[in-house]
Amino acid sequence: MGTIAIYPGTFDPITKGHSDIVARAAGIFDHVILAVAAATAKNTAFSTDERVDLARQVLAEYKNVEVRRFEGLLAHFVRDCGAKAVLRGLRAVSDFEYEFQLAGMNKKLVPEADTVFLPTTENYSYISSSLIREIASLGGNVAEFVHPIVHAALTERLGKRQKA
Ligand code: COA
């Protein structure tokens with residue numbers, strides 16, 4: 001199957017910043033698995049199945065990209081997939097400390113895989129899923145930052161919540 005890269009995250013929901021990373025990684029690695037974390041400390045707006053489903057629709061055009069959920073430790077999933085790389089996007093210097101720690105720990109847990117960082121394209125450097133959710137829930141327009149399918153899902157979910 002060639003070199004497999006895992007791109008893990010919460011993806012609540014997937015943004016254009018995430019799909020930009022996937023698009024570029026798809027041109028570098030033979031196979032990219034976007035791994036949606038099921039067990040997360042974050043209070044998510046979308047269930048794991050919903051986050052997986054949205055990512056699948058957004059990334060449908062990439063033939064060498066697969067979307068899967070994972071439970072528990074990322075290192076176990078990386079090993080089970082036979083992946084050689086864990087992919088993370090870096091948006092700003094502030095991401096670095098946490099990412100460096102995560103990369104170090106993952107290297108300890110699964111020595112056969114390395115973390116590869118891709119710098120986020122400049123116009124997406126200030127996006128985060130929680131900011132997108134906050135803006136959408138307050139009636140702001142996030143169409144520029146997410147795929148139309150995600151935009152519709154956000155309006156549906158957070159619009160309803162606002163009325164409740
Ligand atoms: N474009 C836009 N936004 C980006 C981005 C990009 N290129 N890269 C990161 N982000 C945002 C995310 O949207 C997210 O925003 P949010 O905090 O507002 O939701 C934030 O940056 C970083 O989160 P994300 O990329 O989703 O990763 P995460 O930190 O939530 O997930 C896991 C980290 C899931 C990889 C990690 O917790 C994990 O491995 N968990 C499994 C358990 C485990 O193995 N633990 C031990 C680890 S050593």
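Buried means under 20% relative accessible area, exposed over 50% and partly exposed in between, with a 1.4 Å probe and protein chains only. The model is predicted: local features need pLDDT of at least 70, side-chain atom pairs count only at pLDDT 80 or more, and totals for chains, interfaces and linings use all residues. Residues are numbered from 1 along each chain as its sequence is written, and side-chain values use heavy atoms, with hydrogens and water left out.

**View 1. The chain and its buried share.** Of the 164 residues, 45% count as buried. The chain has six helices and five strands (DSSP runs numbered from the N terminus: helices are H or I of at least four residues, strands E of at least two). Their order along the sequence is β-α-β-α-β-α-β-α-β-α-α.

**View 2. The ring pair Tyr7 and Phe11.** Four aromatic pairs are found in the whole structure. Rings of Phe, Tyr and Trp (its six-membered ring) pair if their centres lie within 6.5 Å; planes under 30 degrees apart count as stacked, over 60 as edge-to-face and the rest as tilted. Tyr7 and Phe11 form an edge-to-face pair, because their ring centres are 5.3 Å apart and their planes stand at 75°. Tyr7 is buried at 5% relative accessible area, and Phe11 is buried at 3%.

**View 3. The ring pair Tyr126 and Phe145.** The centres of these rings are 6.2 Å apart with planes at 85°, so this pair is edge-to-face. Tyr126 lies in the loop between strand 5 (114–119) and helix 5 (129–137), and Phe145 in the loop between helix 5 and helix 6 (148–163); the pair links distant parts of the chain, 19 residues apart. Phe145 is buried, at 15% relative accessibility.
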